[in-house]
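Dear colleague,

I am handing over the structure below, and my notes on it follow. Please read them beside the coordinates.

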Amino acid sequence: MKYMMFVCTDADPDKDSTGSEDIETWVADNDARGRRLDGDALGPVSAATTVRVRGGELLVSDGPFAETREVIVGYDILECAHLDEAIEVARAHPMARHGRLELRPFAGR
């Protein structure tokens, strides 16, 4: 099953970095196991553009759609047997301590 994992900042990160891997180690391990299909960091929030159409009119604005202190800074596409495996993969990601990770299954086609 494929999962999109949004990598987000968090206003309240864990202060204890004991046992925390670096991102390159996490990527190499999950690439080697075939669990990470793709992923990358995203550009800064200042580079975001939001596009909407309302009443037939195109509305384009600078910045992200939501104004929050937490922002999406990257993503990974995971291939896992089930949600429990995806949670274990996310748990080992360094941003699980310094930010937050959101897992979403891809909609079936």
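**Contacts, core and overall form**

Leaving aside neighbours within four places in sequence, Y3 is in contact (heavy atoms within 4.5 Å) with D76, I77, L78, C80, H82, L83, A86, R104, P105 and F106. This is a predicted model, in which local features need pLDDT of at least 70 and side-chain atom pairs count only at pLDDT 80 or more, while totals for chains, interfaces and linings use all residues. Residues are numbered from 1 along each chain as its sequence is written, and side-chain values use heavy atoms, with hydrogens and water left out.

Y3 also belongs to the largest nonpolar core, which has 10 residues, the others being M5, V7, W26, L78, C80, A86, V89, A90 and M95; such a core is a set of buried Ala, Val, Leu, Ile, Met, Phe, Trp, Tyr and Cys residues joined through side-chain atoms within 4.5 Å, where buried means under 20% relative accessible area with a 1.4 Å probe, protein chains only. The elements giving two or more residues to this core are β1 (2–9) and α2 (83–91).

The protein has three helices and six strands, taken as DSSP runs (helices H or I, at least four residues; strands E, at least two) and numbered from the N terminus. From that terminus on, their order is β-α-β-β-β-β-α-α-β. Among contacts between residues at least 6 apart in sequence, 76% join residues at least 24 apart. Of the 109 residues, 23% are buried, and the C-alpha atoms fill a box of roughly 50 × 40 × 20 Å along the principal axes.

With best regards

Conventions:
Buried < 20%, exposed > 50% of the residue type's maximum accessible area, 1.4 Å probe, protein only.
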